[in-house]
Amino acid sequence: MRLMISGGGTGGHIYPALALIQRLQERGLLDAVMYVGTEKGLESRIVPNAKIPFETLPLQGFKRKLNLAGVKTNVQTLGLFVGSMNKATKMVKAFKPDVVVGTGGYVSAGVLFAAATHHVPTVIHEQNSVAGVTNKFLARFVDRIAITFPEVASAFPAKKVVLTGNPRAQQVAGLRPNERLADFGLDPHKRTLLIFGGSRGAPKINAAAVQALPAFGRADFQTLFVTGNRHYGRIKNQLKHVPENVKVVPYVDDMPAILPDVSLVIGRSGATSLAELTALGLPSVLIPSPNVTHNHQYVNAKSLADGGAALMITEPELDTNFASQITALMADDTRLQAMAKAAKNMGVPDAADQLIAVLQEAIAR
């Protein structure tokens, strides 16, 4: 299979693409791949580091605030989109892909639109429970639309939609307990709470964790508190005393590797995180970021909470009861086991293979 794939802007668009590429390689199905992103997006670092051929298009996103500056930016964005179509078309004609896949982000609009107009099989993947603007635009042109959350199906033409799950899930589904917690001075065999607000850290989650650490220090479990690099120094200065059963670190390079040894995760509700949690059957306390498009993290979290796999706490609800809520949950084996079972039932451990089947069907049409 000759695969052209495009997605950028956030890790939530990039990591599913990389997971799909990896699984195609593992199955011996990938003859050639080209990843198309932007020069300034996160993908410009992550994809080349993964040794994947990378090309760029000069695109930018639309502004939602339509003041004078926003209108000016949107006119410029439209001009870039039109201009990029010529380069995207040349890429498609030169690479001759069997299928073109978009995983979200404005850069995928130009690539998928160019491919669709030249009758190349096209598939988009929507990771979130609320459809992204780019995918909603592309929906009318592409052949198939793969989704992760059933709730988002109504945003797209029903005949094109296939529920596949997130390819990232298959990357972590096979992970087993590995005693990696020992690297942080923790006991791999003791009940462990992980607090992690994302690679950049989450100030509100960090503040709630700092307030709760004394209570966690008195509890019969251990805590790994990942602050995010930018917040680590300030938080270390704030903490007069760190309990012996609490470890505070700026970042964990390979976060999925420690998840099998964790009992409960407190964190955001981005699509990639939820794919990992459900693939592994991990209970969670989800605190959705309010600073995302269409509040999609809230809808993501609600999906797991409604299914019994997670407890959702919004940022305004992070108050003095936070510590007691978490310590009570960590002490409740029955509830944790029920949440873990519900999470596992929501997981799609073969999501990458399911998406590959969609690509193969699109090519065969």
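Colleague: What makes strand β9 (residues 222-226) largely enclosed by the rest of the structure?

Modeller: Buried means under 20% relative accessible area, with exposed over 50% and partly exposed in between (1.4 Å probe, protein chains only). Five of the five residues of β9 are buried, so the strand is largely enclosed. Gln222, Leu224 and Val226 point one way, and Thr223 and Phe225 point the other way. Strands here are DSSP runs of E, at least two residues; helices are runs of H or I, at least four, and both are numbered from the N terminus.

Colleague: What kind of model is this, and how are residues numbered?

Modeller: This is a predicted model: local features need pLDDT of at least 70, side-chain atom pairs count only at pLDDT 80 or more, and totals for chains, interfaces and linings use all residues. Residues are numbered from 1 along each chain as its sequence is written, and side-chain values use heavy atoms, leaving out hydrogens and water.

Colleague: How do you know that β9 pairs with strand β8 (residues 192-196)?

Modeller: Two strands pair if DSSP finds at least two bridges between them. Five bridges join β8 to β9, and the strands run parallel. Ile195 stands opposite Phe225. Four bridges join β9 to strand β10 (residues 246-249), again parallel. There, Val226 has Val249 as its bridge partner.

Colleague: Why are helices α1 (residues 11-26) and α14 (residues 351-364) called roughly perpendicular?

Modeller: Axes are lines fitted to C-alpha atoms, for helices over the stretch in contact, and angles run from 0 to 180 degrees between N-to-C directions. Angles of 65 to 115 degrees count as roughly perpendicular, under 35 as roughly parallel, over 145 as roughly antiparallel and the rest as oblique. α1 and α14 pack at about 80°, with axes 10 Å apart. They are therefore roughly perpendicular.

Colleague: Which residues make that contact?

Modeller: Contact means heavy atoms within 4.5 Å. Leu20, Arg23 and Leu24 of α1 meet Ala352, Asp353, Leu355, Ile356 and Leu359 of α14.

Colleague: Why do β3 (54-56) and β7 (161-163) stand at the edges of their sheet?

Modeller: Seven strands form an open sheet in the order β3-β2-β1-β4-β5-β6-β7, with parallel pairing. β3 and β7 each have a single partner strand, so one side of each is left without a neighbour in the sheet. Neighbouring strands are turned by 25° against each other on average, direction ignored.

Colleague: What joins strand β1 (residues 2-6) to strand β4 (residues 99-102)?

Modeller: Four bridges do, and the two run parallel. Ile5 stands opposite Val101 in β4.
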